[in-house]
Amino acid sequence: MGEELYSEGRALTLLNQLERILETDVLIDEVGFIHPSQFSGLNEDAGDENMNFWNRDHKLGISTQVLLPLYRVAKHVFMTTIDEYKLQSNLSVERGKIGHENMLLPSSNSSPYEVLEDEIMKHSKALLLLNSDFGTAWNARKLVLSKKQSTSAFMDELLLASLVLSSSPKSEQAWSHRRWVIKNMAGNCSNVQEIVGKESELVENIAERSKMNYRAWNHRCWLVPYMTRRQVMDELNKSRNWAALHVADNSCFHYRRRLMHRMLDDSDHKQDPNACFAYVIDTHQMWKEELHWNEMLIKRYIGREALWLHRRFLSLYWIQHFTSDLCGLFCHPEFKNSKSHGTETFLDNELQLLRHCSTIQDNHFEDFQAQAKFSVIYFLWLIKVAESQGVKLTEKLRGVKLKALLENVCPEKSFLWDSL
């Protein structure tokens with residue numbers, strides 16, 4: 001039967017069925033949309049004759065055949081409830097039943113409002129499963145939750161957002177709503193770090209199923225200020241394994257850069273000189289290991305631009321913090337004595353990397369050509385950055401025909417030489 005043949009009454013029955021399923025099974029953690037041809041097999045296994053919904057093992061399937069009529073009636077019912085809620089609120093304001101400070105919000109002690117709020121939460125939940133970017137529905141939930149300020153209600157809201165993300169992993173509205181919930185919980189919740197840890201795991205699980213998911217990784221970056229130092233270190237270790245298996249996904253490397261930036265920021269605020277030096281040494285060692293790991297990935301996975309972009313970040317902060325000492329952090333005598341040797345070693349290593357990666361071993365293999373291009377452009381960038389920090393590379397570049405390399409591997413970028 002086509003979608004256009006569903007009457008308003010039948011569509012409303014479908015909505016009631018969906019909302020009943022959501023109320024009965026509060027542990028549903030995944031929703032998907034299934035073609036009608038697949039329902040017969042699923043329902044035979046489940047012993048169910050319902051050809052519109054499938055619910056088993058806390059998983060929910062909705063037939064694609066009923067999506068349009070279901071969405072239309074869900075939107076209509078939700079908007080009708082919102083209009084009624086606003087009308088009751090305005091009437092209360094006019095009758096002077098609420099104080100001046102709360103004129104925009106109805107009293108939470110009024111049972112008619114509580115009924116309408118429950119209806120808003122029920123209808124918006126069904127609506128958001130059908131359209132995850134319906135901003136009015138998310139905002140209506142925020143309005144109700146902001147009045148209750150209940151930790152359990154906020155936790156339930158995180159579960160709802162997870163359910164929505166199971167079918168719409170790139171929904172900006174859903175990710176934004178999660179951040180709003182966490183911000184509201186942060187001041188009154190004692191286990192924020194535990195919540196942050198679970199959020200980070202959620203992002204990793206979603207990123208595994210939804211490739212190049214910038215919105216998910218951006219959410220993970222947003223969590224970093226809420227992390228303890230131990231959590232930051234753990235996240236660096238965990239994300240390293242993931243990044244090594246997804247070298248083309250720049251979002252994960254951006255997340256690692258955010259974590260490493262947090263390490264440097266924490267060094268800035270250390271008051272105890274001894275603690276500061278110990279922290280700086282740890283950060284210095286971490287940076288060396290990251291540079292070595294990044295070089296290994298560059299040589300293993302040929303022509304991956306995300307790896308070269310990550311190296312720019314590593315090199316920039318290495319020069320700024322471990323060579324120029326612009327922040328005045330590395331003033332300890334023991335660190336000063338080893339700083340010059342570290343700079344020389346770093347620059348020599350970058351030159352060797354250039355020589356290794358700029359050699360095109362196979363002209364028919366585009367990745368080798370891309371590797372040579374990225375390496376030459378990176379080194380041109382490194383020259384400008386190093387000299388801006390007072391580090392001269394003139395002696396080291398003798399014998400390196402950098403201009404010829406540039407014209408050979410990427411003649412369209414030859415103008416970069418003129419900017420040196």
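What does cysteine 252 count as, buried or exposed?

A: Cysteine 252 counts as buried, because its relative accessibility is 0%. For the cut-offs, buried is under 20% relative accessible area, exposed is over 50%, and partly exposed lies in between, using a 1.4 Å probe and protein chains only. Bear in mind that this is a predicted model, where local features need pLDDT of at least 70, side-chain atom pairs count only at pLDDT 80 or more, and totals for chains, interfaces and linings use all residues. Residues are numbered from 1 along each chain as its sequence is written, and side-chain values use heavy atoms, with hydrogens and water left out.

What about a bond for that sulfur? A search of the whole structure turns up zero disulfides, a disulfide being a pair of cysteine sulfur atoms within 2.5 Å. For cysteine 252, the nearest cysteine sulfur belongs to cysteine 221, and that one sits 9.3 Å away. Cysteine 189 is buried as well, at 14% relative accessible area.

Methionine 121 has that 14% figure too, so it is also buried. You'll find methionine 121 in helix H4 (residues 111–130); helices (H or I, at least four residues) and strands (E, at least two) are DSSP runs, numbered from the N terminus. Leaving out residues up to four places away in sequence, methionine 121 touches Arg141, Val144, Leu145 and Glu157, where contact means heavy atoms within 4.5 Å. Leucine 145 is 24 residues from methionine 121 in sequence, with 9.4 Å between their C-alpha atoms.

Helix H13 (residues 305–322) is mostly covered, with 13 of its 18 residues buried. Its end C-alpha atoms are 25 Å apart, which agrees with the 26 Å that 18 residues should span at 1.5 Å a residue; the expected span is 1.5 Å times one less than the number of residues.

Now the sheet. Three strands form an open sheet in the order S1-S3-S2, with mixed pairing; two strands pair if DSSP finds at least two bridges between them. S1 (30–34) and S2 (53–56) are the edge strands, each with a single partner, so one side of each has no neighbour in the sheet. From one strand to the next, the twist averages 15°. S1 pairs with S3 (residues 59–63) in the parallel sense, over five bridges, and glutamate 30 stands opposite lysine 59 in S3. Helix H1 (residues 8–24) lies across S2 and S3, at about 10° to S2; axes are lines fitted to C-alpha atoms, for helices over the stretch in contact, and angles run from 0 to 180 degrees between N-to-C directions.
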